[in-house]
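Welcome! Keep the model open beside you as you work.

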Amino acid sequence: MTESYRETRTLNGPWEFVTDPASDGRSGNWYAPDATWPDRRCTVDVPHAWQERDEYREYTGTAWYRRHTALPRSGDDRTLLRFGAVDYEATVWVNGERVGEHRGGYLPFEIDITDAVTDGEDVIVVAVTDPEDVSEIPHGKQGAPWYQRISGIWQDVTVTTVPKWHVDGVRATPDLDDDTVRIDLDATPASATDLTAAVMVERDGESVTRSTVDVDAGAGTAVLAIGDPEYWTPQTPVLYDIVVELSRDGTVVDRYEDYFGMRSVESRDGRLYLNGDPFYVRGALDQGYYPETLYRPFDADLFESEICTAKELGFNLLRKHIKPAHPDFLELADRLGILVWEEPANPTVHTDRSRREVREQIRGMIDRDYNRPSVIVWSLYNEEWGIGNPQGLEDETSLWVDEAKQRYLADLYESAREWDPTRLVCDNSGWAHVATDVNDYHRYFVSPDRAAAWADDLESMTSSPADNYGATETDPADAPQIVSEFGTWGMCDLPAIEEHYGGEPPWFDYEFFDDPIKRPAGAYDRFEETALSDVFDDWSAMADAWQRREFRSIADVIERMRTREDIAGYVLTEFSDIEWEFNGVLDYRREEKAFHDDIARINSDVLVSVDPDAHAVASGGTLTADVVVSNGTTDAVDGPLEWSIFGESSTVDVEIDGFGVERVENAITVDVPSVDGVRDDELTVSVPSAPTNGEPITVVPEPSADSDTTVYTDAEGLADGLSKTGFEVVSSLDETVDVALVVHPDSAVRAYVEDGGVAVFLPDESGHMADEEFFEYRRLPETESWNLVASLFYCNDASLAEYVDTVPGWELEGLYPYDVVADISTDDDVSIGYVEGWLANRSAAAVVREVGDGRVGAFTFRITDAYGAQPVGMAALAALVDDLGSKECG
């Protein structure tokens, strides 16, 4: 035995591997040391998931692993075989003797194999079963409708020799009220007598404090005072080492080491506190999937790189989504300093088995990671997966209404609090809370398309927090409100992804894809078939523009949250793209996206943001804006607030206490210059303690249309605006009309068009298209929507390009459609197109097509009631009418 009393050796590396589709292995004694395995066996490098190989990607069932090696044995020492994680059921034999089994795909298990080890070469055999039907077992986002299945020995395998009398583990519980740490230790065998333990706390190799305790019935407890402690925070991730020396009859028989951090977290009165100080969460969702290696990082330094990148981008927390975090990741999170919100994998259905396995997994996750200071929140379920009915299953009921499920969840919350009273517990992330320390929401709003709806939703959630509860076993007023999922998609550079894979990725065309926005297969063809190929030089150019639109959206969503004191933080979906889901800050390879350098500005400790009364303003008018300072630190912010636009600048004095939000109403009032053409500028604001921030402002000249274009409209209030624009507006539809702007088309409009006229259909007062004669429309959600955050509008019209960006942005504030034209054909002239996800659901918001001898257009932007108030929309519609009228006259 070494001086450390323990010796650990890795068993990673080459193992024999064979699948067992007919379940022949047990009856064929494949576990025997001299068993002959089928010729189809191969060699794999453990850890691995068998889906990393193309030939096993669709395989479910049982597979076998075998390793020949000389296992250690020494006197009275015990030999322990440890697996970091095996998905899903594992049975282990050593030299033909069945030594143990385990069920659960994410957590470690250890088997005492002492009595099975020989003096010569040993044979380890592991049978792993991962069934096709995983509905009852915790599996997270494996398989339909999400990502690749994972099976096999996917974490490290080690063998360790430990003394006969040894420490099994320690739990360190800091108490920052009196700066002590309680150390609870477990020892084996529990029947041993005359055991004592010297418990020492060290830092950087220097002794901090120590105590000696009796170990009775396999357990002992020491409470140690930490003099002048340094608390663990993301900025100062100070760690203390625990050293336990176990003695019997005065002789040291074992030495055990771990570490902990002096850190506390609590929630009360709607606010989070870290080490007693108010704390604001700036997080990102991290699913821990990787190209080719799946659950394992493809590079030895990748976990460290991810954490460092997250911190550089201003994130202080990563939510390790719907499966326990990799232990190597957590150790780096502890040492590098980033907070972790951890949660178990969830099943699909709610049964006795699924409840039992979720409970066991949560307990095991807490036991494994109890000493990790980076972890501050445990979730129990996500979005009712495995407890409610988000999938719409026939035999399941919703957590919102099922009292039995609510009682079960409240009991599980209480159990988790008993297992770990030092951390926060979130019962059901996203909605239908019952008993929780965090009232979190999942909200997918795209901005500026649904900016006003997002503002309304924020007001609704903060004014009525109990509405997010199915039952109130805990007080909603106490739980901090966190938006723990939100985001927008930003198309990946697919050629670069394919280069990484050496061809099409295996996730291009899963059989379980039931939504075309998820299916990358054929995307290049769809790019060429749409007007996208006319707008963008190539795929990479489109991806770059889409990614910038992603940032524009998430920046506004974050800023609106940070301007409210009643929101305690956010978790952006997500840190990196995952397979087909391209909503990451990084792409799937963990490479930067186009907006990489801008993220830290929005995530800064102190954020200064500007809230203009409008992003599109008329030439010669006045621009007014509020300025908001969001202070996420405990230090006061004071000094001059500087702003600048149109060549003008000034300062406003601001003073804000530590940790708070200050809105300076009408802080900026500036004359808008008179312009002859469209002018884009930026209203920038800055304070000494925050990065400069800004908002785009578009100045539009008074539209001047061709007075020779005669226009008819049935939209009340539109006629006066059109006349002021310069059109000749008439009250009847006849052959003298060049363009008809119609909300409610009828037989007279059809006759007019078929006889050679031009009609453009506009939304009604509700924002929806009343036309049912000439186009088929698809209704878009008016509030949050996963499809909308995955969508892209693009402009393909020279007459509109002066006013509307290639990817429209804030210049069309307040006008984004509730309907788009769905029945687009190659003969249609698309001015503003629309796609979702992998260029699916091809549609248009501005399009013209031939009908009879005439033409009809649809302009679905909500301009009808905003023609005199939204200058860009007014000018864009006027330009479209002018263009159509001149073509008609010609």
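**Exercise 1: Thr173**

Thr173 counts as buried, since its relative accessible area is 19% (buried means under 20%, exposed over 50%, partly exposed in between, with a 1.4 Å probe and protein chains only). Before we go on, note that this is a predicted model, where local features need pLDDT of at least 70, side-chain atom pairs count only at pLDDT 80 or more, and totals for chains, interfaces and linings use all residues. Residues are numbered from 1 along each chain as its sequence is written, and side-chain values use heavy atoms, with hydrogens and water left out.

Task: find the strand that holds Thr173 and the side chain that Thr173 contacts.

Solution. Step one: go to strand β13, residues 166-175, where Thr173 sits (strands, E, at least two residues, are DSSP runs numbered from the N terminus; helices are H or I, at least four). Step two: look for Tyr370, whose side chain makes a polar contact of 2.6 Å with that of Thr173 (a pair of N or O atoms within 3.5 Å; within protein, one must be able to donate a hydrogen and the other to accept it, and residues adjacent in sequence count only if both atoms are side-chain atoms).

**Exercise 2: Ser831**

Task: decide whether Ser831 is buried or exposed.

Solution. Step one: locate Ser831 in strand β46, residues 829-836. Step two: Ser831 is buried because its relative accessibility is 2%.
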